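Visitor: I have a chain to look over and would like a short tour. Please take the overall fold before any single residue.

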Amino acid sequence: MSLNRDAWAVLTGWTAPTPEEERLRADFLAHLDAHEDAMWRECVPAHLTATTAVLSHDGARVLLTLHAKAGMWLPMGGHCEASDATLGEAALREATEESGIPGLVLLDGPLAVDRHKVWCHPPHSWHLDVEYGAVAPPGAEAVISDESLDLRWFPVDEIPELSDEATRRLVRRSLALLRA
């Protein structure tokens with residue numbers, strides 16, 4: 001199965017929890033139908049990406065990266081690669097690469113979708129972000145990557161102001177699923 005078909009199947013089978021996310025889900029599906037290269041960074045004006053909120057094993061903390069380009073504390077995530085067979089694999093790969101933590105366990109997902117402006121193709125383009133949650137093994141130690149200015153664990157109820165509502169929403173949903 002191609003990554004495009006997997007993304008289509010994932011989004012078709014996902015029930016969006018809010019009307020806004022339902023509109024985004026429909027937009028993402030239309031984009032997949034219109035662009036054979038919808039999964040790749042080269043696709044303009046937008047492309048699908050995968051993001052993962054990494055929780056500590058007990059759900060007490062979330063690992064966030066100080067994103068170099070956005071200048072905000074965000075979950076791990078990014079572009080799909082040819083080696084990714086599924087969106088879930090892309091989300092897990094990105095989280096593992098950016099956190100330096102082996103053995104992350106992806107929660108059932110996706111948990112959210114988000115659309116945000118980026119600068120992959122000047123003057124700008126869009127990331128159509130499919131968002132997941134993952135759990136780190138006990139005692140996991142994060143290792144900062146070249147893609148981050150900083151990497152820190154935060155209590156789940158103390159996400160820094162220099163973040164966004166999409167991050168807070170993803171953490172809440174990941175935590176709810178972990179505790180379910």
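Predicted model: local features only at pLDDT ≥ 70, side-chain atom pairs only at ≥ 80, totals over all residues.

Visitor: In what order do the elements of the chain run from the N terminus on?

Guide: The chain holds 4 helices and 8 strands. Read from the N terminus on, their order is α-α-β-β-β-β-α-β-β-β-β-α.

Visitor: What radius of gyration does the chain have, against that of a compact globule?

Guide: The C-alpha atoms fill a box of roughly 45 × 35 × 30 Å along the principal axes. For 180 residues, a compact globule would have a radius of gyration near 16 Å. The chain agrees with this, at 15 Å.

Visitor: What share of the contacts with a separation of 6 or more comes from residues 24 or more positions apart?

Guide: Of the 180 residues, 51% count as buried. Among contacts with a separation of 6 or more, the share from residues 24 or more positions apart is 69%.

Visitor: Is Gly 59 buried or exposed?

Guide: Gly 59 sits in the loop between β1 (46–55) and β2 (61–67). Buried means a relative accessible area under 20%. Gly 59 has 0%, so the glycine is buried.

Visitor: Which residues is Gly 59 in contact with, leaving aside its neighbours within four places in sequence?

Guide: Contact requires heavy atoms within 4.5 Å. With those neighbours left aside, the partners of Gly 59 are Val 156, Leu 175, Leu 178 and Arg 179.

Note on methods. Residues numbered from 1 in each chain as written. Heavy atoms only, no water. Helix = DSSP H or I, 4+ residues; strand = E, 2+ residues; numbered from the N terminus. Buried < 20%, exposed > 50% of the residue type's maximum accessible area, 1.4 Å probe, protein only. Rg over C-alpha atoms; globule rule 2.2 N^0.38 Å.
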